[in-house]
Amino acid sequence: MKQSYRRDSIIKTIFFIHLLILVSGINSSAQAQSDARFQLQNIDSRQSDNLDGLWSIIVDPLENGYYNHRWLPKEDGYFKNKKMETPSDLIEYDFDTDELLMVPGDWNTQAEKLYYYEGTMWYKTEFEFTPSEEEREEYLHFGAINYEALIYLNGEKVGEHIGGYTSFSLNVTDFLNEGNNVLILKVDNKRKREGVPTINTDWWNYGGITRSVHLVSTPKKHIYDYFIQLDAEQKDLMSGWVLMKNSERGDQVQLEIPELEVQTMVEVNEDGLGAFSFSANPDVWSPTNPKLYEVLLKTDKEVISDEIGFRTIETQGSKILLNGEAIFLKGISIHEEAPFKTGRVTSIEEVRVLLKWAKELGCNFVRLAHYPHSELMVREAEKLGLMVWSEIPVYWTVLFEHEETYQNAENQLKEMIARDKNRAGVVLWSIANETPLSEPRLTFLRKLAAIARSLDQTRLITAALDTQTRRAGENIIDDPLGEYVDVIGVNSYCGWYGGTPRSCKNLKWGSEYDKPVIFSEFGGGALQGLHGEDNERWTEEYQSAVYRNNIEMLKNIEFLAGTSPWILMDFRSHRRHLKRIQADFNRKGLISEQGVKKESFYIMQEYYNSIEY
Ligand code: GCB
């Protein structure tokens with residue numbers, strides 16, 4: 001089968017309507033580049049220089065490097081990297097004699113004095129650049145910077161970004177010098193009431209350049225982004241699109257999946273976008289068969305190679321169907337915090353430790369809470385056969401009435417989807433966690449759900465809800481947001497924030513929606529190694545009682561489609577002050593931050609091993 005087109009005109013029409021929605025508002029491919037719906041895809045397969053390593057820093061709580069004494073932005077702020085030229089010069093900063101921090105990495109765990117630091121930090125690195133003979137485009141790509149970043153190259157501002165957990169890239173072709181280049185960032189992790197997340201969270205506000213930085217080089221005319229998945233409706237149809245930059249109408253990209261003998265030409269329009277669909281019958285991705293195919297996108301100037309899996313995910317009443325068959329999501333919630341060293345995850349080894357614990361627990365699913373985790377994490381989960389719930393930090397009480405907050409959340413949602421849309425492992429986009437009922441909140445989240453759907457029809461939309469109504473002895477899931485999501489997440493802490501552990505097993509649940517429900521959080525805290533009676537808080541016995549009784553409760557819920565208890569490993573939180581137990585850690589982990597399993601780990605493991613599908 002060299003070229004297996006199915007010219008089913010109805011499907012093609014539907015697909016082109018989707019594409020039209022996608023491209024609406026894009027008038028040129030220059031605009032598409034700065035549009036959060038698209039990302040410079042798959043950095044690892046491109047020619048790039050890794051700029052990680054030790055960067056010079058200046059800690060600047062008063063933002064002296066940015067504002068003058070009248071609080072007006074300076075023209076010669078620290079981004080100019082000025083140096084004394086004569087002995088009488090007055091320059092009150094010098095990156096080169098200041099301290100160093102490792103990139104990627106949070107600053108809080110790299111120096112004791114930065115443990116609680118929230119504010120502005122200046123970062124500087126230098127690198128060499130040699131232009132090539134042919135014309136090329138150069139991008140700076142940032143995996144994540146928490147929270148707000150201004151980026152300067154050779155003294156000129158080249159971009160800015162808000163949002164601590166999503167990747168972005170900037171075209172810097174016109175700002176690079178031949179030879180030495182100076183890259184300076186102003187990074188600010190001050191929490192803001194109108195931010196996403198807002199001031200109040202239950203995790204550490206790790207600041208800094210927390211994921212890798214690359215200088216990526218592409219041909220002048222290049223493939224910028226692409227999307228390929230099994231069609232949500234037609235299971236033997238692969239469809240998607242390619243976005244080129246600096247292209248002309250009629251330019252072509254060759255798409256190949258060698259193992260499936262697929263080889264097809266995609267032609268782009270004047271905006272650089274080209275849609276395709278063809279029939280194919282792949283061996284589908286699933287937890288028991290996490291099959292990925294080599295997918296190649298070729299032009300005469302470049303070859304992008306990716307590993308992509310194909311599957312379908314849908315709901316049928318209260319069931320979740322993976323590739324048409326009901327599956328129970330045996331999950332665990334995870335924060336992106338590194339075992340042993342504590343602090344943000346920065347290496348593939350740390351990712352593997354976390355995900356292998358999840359596998360050992362018996363999981364086929366991970367809830368990556370409460371913000372998009374690194375691409376490393378998502379790709380590795382997919383390889384290990386773990387389905388992924390990916391979430392934006394619309395958490396607790398963000399300002400739902402505030403337009404700027406909405407735009408920020410929408411942007412983070414688009415960036416999350418843009419980066420991971422080709423990962424078959426990702427099955428759920430979560431738009432919020434534990435948000436309080438109100439009209440503005442419903443409007444805000446309904447809009448986000450609609451955006452997620454318009455960008456991606458190959459995944460389910462969810463949100464973790466924590467408001468139910470007690471009626472006739474049952475907890476009824478009746479949050480009006482239930483209407484707008486495909487899968488309802490329920491966070492409920494019976495035996496910890498309410499009731500005794502023993503009261504949980506008889507707790508009954510009902511739902512106003514004929515939809516799958518995932519218990520996206522339940523659990524309780526224990527200090528690993530602390531033992532006592534099962535009514536003594538913080539002991540492993542108490543935590544075990546919470547788990548045992550909650551599991552009994554879960555077994556009685558007919559519409560239950562999965563669980564992801566809170567949480568795999570103890571994690572740092574600004575809300576946890578009980579020194580002798582917590583010492584800044586939320587202790588609800590099944591494993592301590594030093595990697596020691598608590599008794600409840602084995603209780604949950606036994607439950608998962610008893611579930612067959
Ligand atoms: C929750 C939140 C989670 C917290 C957890 C807790 O409901 O969703 O972010 O860490 O409870 O431990 O209180």
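This briefing covers helix packing, backbone geometry and one surface patch. The structure is a predicted model. Two helix pairs are described, α8 with α9 and α5 with α6. The backbone entries concern cis peptide bonds at Asn146 to Tyr147 and Val196 to Pro197, together with a positive phi at Asn323.

**Helices α8 and α9**

- Helix α8 spans residues 540-555 and helix α9 spans residues 599-610; their axes come within 8 Å and cross at roughly 20°.
- Angles under 35 degrees count as roughly parallel, and α8 and α9 are therefore roughly parallel to each other.
- The crossing of α8 and α9 has right-handed geometry.
- On the α8 side, the contact is made by Glu540, Glu541, Gln543, Ser544, Tyr547, Arg548, Ile551, Leu554 and Lys555.
- On the α9 side, the contributing residues are Glu599, Ser600, Ile603, Met604 and Tyr607.

**Helices α5 and α6**

- Helix α5, residues 403-420, packs with helix α6, residues 439-455, at an angle of about 25°, and their axes are 10 Å apart.
- The pair α5 and α6 is therefore roughly parallel, given that this term applies to angles under 35 degrees.
- The crossing of α5 and α6 is right-handed.
- From α5, the contact involves Glu403, Thr405, Tyr406, Ala409, Glu410, Leu413, Lys414 and Ile417.
- From α6, the contact involves Phe444, Lys447, Leu448, Ile451, Ala452 and Leu455.

**Cis peptide bonds**

- The bond from Asn146 to Tyr147 is cis, and its omega is near 10°.
- Tyr147 belongs to the loop between β6 (145-146) and β7 (148-153).
- The bond from Val196 to Pro197 is likewise cis, with omega near 5°.
- Pro197 is located in the loop between β10 (179-188) and β11 (208-209).

**Positive phi**

- Asn323, a residue other than glycine, has a positive phi, with a value near 50°.
- The loop that holds Asn323 lies between β21 (319-322) and β22 (325-326).

**Nonpolar surface patch**

- Leu54, Leu100 and Met102 make a nonpolar surface patch of about 290 Å².
- Of these residues, Leu100 is placed in strand β3, which covers residues 99-103.

Methods: Residues are numbered from 1 along each chain as its sequence is written. This is a predicted model: local features need pLDDT of at least 70, side-chain atom pairs count only at pLDDT 80 or more; totals for chains, interfaces and linings use all residues. Side-chain values use heavy atoms; hydrogens and water are left out. Patches are made of residues with over 30% relative accessible area and no salt bridge: like charges are joined within 9 Å, nonpolar side chains (Val, Leu, Ile, Met, Phe, Trp, Tyr) within 5 Å. Accessible areas come from the Shrake-Rupley method with a 1.4 Å probe; for residues, only the protein chains shown count as cover. A salt bridge is a side-chain nitrogen of Lys or Arg within 4 Å of a carboxyl oxygen of Asp or Glu. Helices (H or I, at least four residues) and strands (E, at least two) are DSSP runs, numbered from the N terminus. Axes are lines fitted to C-alpha atoms, for helices over the stretch in contact, and angles run from 0 to 180 degrees between N-to-C directions. Angles under 35 degrees count as roughly parallel, over 145 as roughly antiparallel, 65 to 115 as roughly perpendicular and the rest as oblique. A crossing is left-handed if the near helix is turned anticlockwise from the far one by less than a right angle, and right-handed if clockwise. Contact means heavy atoms within 4.5 Å.
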